[in-house]
Amino acid sequence: MKGKADHIGQQIEEALQMLSTPERAVQMPRYFKTGKGEYGEGDIFYGVSVPDQRSIAKEFYKEISLQDLSEVLKSEVHEMRLTAIFILVAKYEKAKNNTEKRQLVDFYLDHLEYVNNWDIVDSSAHKILGDYAFHTGEEEILHKLSSDENMWKKRVAVIGSAWFIKNRHYELTQKLVLNNLKHPHDLMHKANGWMLREIGKKDESVMLDFLNKYYKEMPRTSLRYAIERLDEELRQDYLKGNI
């Protein structure tokens, strides 16, 4: 061992390996699309459940420094990166003031190249960037990511806005959805539709007003995600273009 950083990282890795199962290790690469040309190409899996990863994160988040955490987050192993993100979220949620939170936000932004699969994005974007942007008014963080060429950063932006939806602020999400409404990747279609559905849970009329303006130009997947909870008759009207 070279030092504390390697030591802590090795402890986390050993804990993950102890909780891995061969069956899950075989299934997960298919689930996260790791084949050639797919969005998760080359990702490596030990085969550890999310609850087990959360337990490991809970065990280590207090003692691990950001320098140590950086090394874990840079791992080529998917569960190492996701566990690192769970640790970062825990640190953020326990931060005592905006200065500490800003340090963790900057760490997150500096390491976004490793936040590179939908579960890693969806476990962190709203809890870190969304919360911070909402409480500080720094929405530009999300706008900037939404206009980045990288698809994962675009997803971070729109999923980050879930914190605004939680607090009944819907305008930002609608702007971010529109900014990437016709993005070519299915994972953005799903994210956009999901966030519109979340708006609908809070205020259906806001979602319907948005859909009535844009549903005919939305990708089909986005529309299906958005209207999932509507009454079947209304859902069919949207699908058939009868609104």
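Lys74 lies in the loop that joins helix H4 (66-73) to helix H5 (78-94), helices being DSSP runs of H or I of at least four residues, numbered from the N terminus. The model is predicted, so local features need pLDDT of at least 70 and side-chain atom pairs count only at pLDDT 80 or more, whereas totals for chains, interfaces and linings use all residues. Residues are numbered from 1 along each chain as its sequence is written, and side-chain values use heavy atoms, with hydrogens and water left out.

Lys74 has a relative accessible area of 38% and is therefore partly exposed, the class between buried (under 20%) and exposed (over 50%), computed with a 1.4 Å probe on protein chains only. Leaving aside residues up to four places away in sequence, Lys74 touches His111 and Tyr114, where contact means heavy atoms within 4.5 Å.

In the contact between H4 and H6, Leu66, Leu69, Ser70 and Leu73 of H4 meet Gln103, Leu104 and Phe107 of H6.

The secondary structure of the chain comes to 16 helices and 0 strands. Buried residues make up 50% of the 243 residues. The C-alpha trace spans about 65 × 45 × 30 Å along its principal axes.

Technical notes. Helix = DSSP H or I, 4+ residues; strand = E, 2+ residues; numbered from the N terminus.
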